[in-house]
Amino acid sequence: MQTLFINIKELLQVRTTQIEIVSGSDMAILPKIDNAYLLIKNDCIEDFGAMENCPKPDNTEIIDATGKVILPTWVDSHTHIVYAGDRIQEFVDRINGLSYEEIANRGGGILNSAKNLNETSEEVIYEQSKLRLEEVMQLGTGAIEIKSGYGLTVEGELKMLRVIKRLKENYSLPIKATFLGAHAFPAIYKENHKAYIDLIIDEMLPKIAKENLADYIDAFLETGYFSVEETIKIMEAGKKYNLIPKIHVNQFTSIQGIKACIENEALSVDHLEIVTDEDIETLKNSKTIPVALPSCSYFISIPYTPARKMITAGLPLALATDYNPGTTPSGNMNFVVATACIKMRMTPEEAINAATINGAYAMGISKTHGSITKGKKANLILTKPLTSYYQLPYEFGNNLIEKVMINGAFI
Ligand SMILES: N=CN[C@@H](CCC(=O)O)C(=O)O
Ligand SMILES: [Zn+2]
């Protein structure tokens with residue numbers, strides 16, 4: 001089966017050689033072809049180029065993309081889309097003056113979602129989660145990472161990861177599962193952290209490994225949550241089961257967590273709303289990618305990741321949604337890209353690189369996704385007619401996507 005897009009106004013993120021990540025000043029470069037063609041064969045990108053070189057293959061569906069832009073689908077490398085119910089009351093409490101921390105200290109926050117999840121059947125959680133997944137796919141997400149972390153019991157964490165496994169089986173986009181048992185201490189372990197960490201290491205991890213339910217391991221390394229030492233234990237334990245760390249860190253405070261993550265070869269460090277010069281120095285020359293979550297900053301009114309400072313220092317940056325019921329009840333990568341431009345002063349080129357090729361690196365899939373490269377999967381966004389790709393972040397909040405293709409087929 002072949003599909004040929006012709007007359008594409010702008011074909012974005014074209015990479016003739018395999019690159020896995022873009023960093024520093026290279027993030028400002030978004031290679032594109034004006035008036036382009038793109039040939040898809042089965043589920044992969046077969047060929048692309050300028051219209052004057054367009055082939056005329058037989059038995060091929062032709063799609064005229066006059067006035068439209070094509071780019072790789074968004075790669076959302078950090079989400080918590082498997083959860084039960086919502087936290088709307090906490091949203092109103094925050095409007096009325098309570099902080100995220102105050103709500104958590106009252107037993108709300110992550111523990112509120114954990115209670116709800118443990119009281120909800122796997123079937124219901126699956127039904128709720130698949131609607132979220134289908135919605136974000138229509139918004140252009142063509143690869144997604146999903147975390148556990150609202151179970152905080154052996155059964156609850158397994159239930160979440162089994163839901164993610166079912167989503168993997170039933171949907172064609174790449175899904176990576178991350179075990180986040182170390183998301184918060186359940187109330188009964190508040191004074192006995194060691195017992196909960198033992199539960200994670202001795203009971204949860206072996207069961208998860210036996211059922212092959214996770215690709216990565218995560219922890220909420222933060223003041224009041226998991227300390228540096230506790231997170232190191234979790235990372236070391238995960239690595240024994242080949243689970244690479246992807247860690248929540250520096251959301252509210254900088255406590256030497258980034259250094260510990262890099263020393264433990266984390267694939268990514270995520271959040272980074274509070275970043276010191278020392279943190280930036282530590283990130284240089286590491287293979288760990290920083291991931292910013294601007295929708296979270298927007299929703300709970302905390303600082304934005306200092307993208308300009310980090311990119312100027314030569315670092316790579318990825319963007320993701322953090323879709324979750326507490327701090328980011330939105331999985332719209334278009335909004336993330338726009339907010340990165342508007343609030344973090346990333347250029348459209350930097351933001352699109354961060355949400356495609358660098359997102360793919362943060363998910364461990366940049367060999368197959370994240371750019372228009374021959375042989376990569378045909379996961380594409382076809383926009384409505386646009387004046388240029390700048391319209392994507394400019395018209396924040398508007399849906400400019402006409403169609404989404406996953407593995408060579410429109411969804
Ligand atoms: N910060 C930790 N975890 C989630 C939010 C958890 C919650 O409030 O439900 C996040 O990434 O923002
Ligand atoms: Zn998160």
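**Ground rules.** I'm working with a predicted model, where local features need pLDDT of at least 70, side-chain atom pairs count only at pLDDT 80 or more, and totals for chains, interfaces and linings use all residues. Residues are numbered from 1 along each chain as its sequence is written, chains are lettered from A and ligands numbered from 1 in the order in which they are written, and side-chain values use heavy atoms, with hydrogens and water left out.

Entry: The contact (heavy atoms within 4.5 Å) takes 31 residues from domain 1 and 32 residues from domain 2.

**Entry: the interface.** Domain 1 and domain 2 bury about 2,400 Å² between them, and 68% of that is on carbon and sulfur atoms. Buried area here is the accessible area (1.4 Å probe) that two parts lose on being put together, summed over both.

On the domain 1 side, β5 (69–72) and β15 (401–406) each supply at least two residues that touch domain 2. Strands are DSSP runs of E, at least two residues, and helices are runs of H or I, at least four, numbered from the N terminus. β15 gives the most, with three residues.

**Entry: the zinc.** Which residues hold the zinc ion (ligand 2)? I found H78 (NE2), H80 (NE2), H248 (NE2) and D322 (OD), at 2.0 to 2.2 Å. Donors are N, O and S atoms within 2.8 Å of the metal (3.2 Å for Na, K and Ca), and water is not among the atoms, so sites may look incomplete. Along the chain the donors follow the spacing H-x1-H-x167-H-x73-D. H78 sits in the loop between β6 (74–76) and α1 (88–95), while D322 is in the loop between β13 (318–319) and α12 (333–344), 244 residues apart.

**Entry: salt bridges.** The structure holds 20 salt bridges. I picked one: the side chains of K147 and D218 meet at 2.9 Å, N to O. K147 lies in strand β7 (residues 141–147) and D218 in strand β9 (residues 216–221), so this pair ties together parts that are 71 residues apart in sequence.

Conventions:
Salt bridge = Lys/Arg side-chain N within 4 Å of Asp/Glu carboxyl O.
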